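I opened my notebook to record what I looked up in this model. Each entry covers one spot.

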Amino acid sequence: MMRLYIAEKPSLGMAIAKVLGIQPGRHNGYIKTKDGYVTWCVGHILEMAAPEHYWPELKGERWSLAPLPMVPEQWTKLPVKAKARQLGIIGKLLKQKDVTEIVHAGDAGREGQIIVDEVLSFHNNTKPVVRFWAKGLDRQNIERALRAMEYNVKFQPYS
């Protein structure tokens with residue numbers, strides 16, 4: 001079984017990879033470990049689409065109060081331009097055939113839960129997801145969190 005760990009930040013990704021055992025080789029946007037891959041979101045990697053996405057006729061117009069309120073039928077999240085490359089790397093790793101389980105390693109709390117859940121939703125992930133919930137970046141906390149992982153569905157109320 002190969003796992004894909006998706007951390008919220010590179011620092012957490014590196015801490016997890018060190019505990020798992022980093023494999024030799026240099027990779028862009030992820031680290032290969034003994035049991036899979038570790039990658040990261042670089043914080044918020046998706047953002048709400050601008051009004052022009054829903055209403056193209058607004059492009060180039062000066063803002064006024066006249067069209068408010070503007071409520072789309074369905075909200076859309078789009079890649080943050082500066083982070084789109086990393087989002088693509090995560091997508092490619094999610095599609096790897098040897099990856100059989102995803103480890104959601106967003107920071108502990110509501111925001112960390114949302115960031116990785118949105119990425120999984122954006123990429124239409126269907127693989128099983130477990131939640132890694134660490135209280136610190138030190139080896140002891142990482143090892144404790146690795147032993148205590150539970151299915152991500154338990155943490156959905158946070159998002």
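**Entry 1: two helices in contact.** I am working with a predicted model. I looked up how helix H1 (residues 10-20) packs against helix H5 (residues 139-147). The angle is about 80°, and the axes are 10 Å apart. Angles of 65 to 115 degrees count as roughly perpendicular. H1 and H5 are therefore roughly perpendicular to each other.

Next I asked which residues in H1 and H5 meet. From H1 I noted Leu12, Ala15, Ile16, Lys18, Val19 and Leu20. From H5 I noted Arg139, Ile142, Glu143 and Leu146. I then sorted the residues of this contact by kind: 7 are nonpolar, 3 are charged and none is polar.

Entry 2: I moved to strand E2 (residues 30-33). Where do its side chains point? They alternate along the strand. Ile31 and Thr33 point to one face and are buried.

Strand E3 (residues 36-40) runs antiparallel to E2, and 4 bridges join the two. I picked out Lys32 and found that its bridge partner in E3 is Tyr37. The hairpin from E2 to E3 passes through 2 residues.

**Entry 3: helix H3.** I checked the length of H3 (residues 84-95). This helix has 12 residues. From first C-alpha to last, H3 reaches 17 Å, close to the 16 Å expected at 1.5 Å a residue.

Which residues of H3 are buried? My list reads Gln86, Leu87, Ile89, Ile90, Gly91, Leu93 and Leu94.

**Entry 4: two positive phi values.** I looked up Val42 in the loop between E3 and strand E4 (46-48). Its phi is near 60°, a positive value in a residue other than glycine. Is Val42 buried, partly exposed or exposed? Its relative accessibility is 33%, so Val42 counts as partly exposed.

Asn124 came next. I found Asn124 in the loop between helix H4 (110-122) and strand E7 (129-131). Asn124 is not a glycine, yet it has a positive phi of about 55°. Exposed means over 50% relative accessible area. Asn124 has 61% relative accessibility, so it counts as exposed.

Technical notes:
Residues numbered from 1 in each chain as written. Predicted model: local features only at pLDDT ≥ 70, side-chain atom pairs only at ≥ 80, totals over all residues. Heavy atoms only, no water. Expected span 1.5 Å × (residues − 1). Buried < 20%, exposed > 50% of the residue type's maximum accessible area, 1.4 Å probe, protein only. Axes fitted to C-alpha atoms, helices over the stretch in contact; angles between N-to-C directions. Parallel < 35°, antiparallel > 145°, perpendicular 65-115°, else oblique. Contact = heavy atoms within 4.5 Å. Nonpolar A, V, L, I, M, F, W, Y, C, P; charged D, E, K, R; others polar. Pairing = 2+ DSSP bridges.
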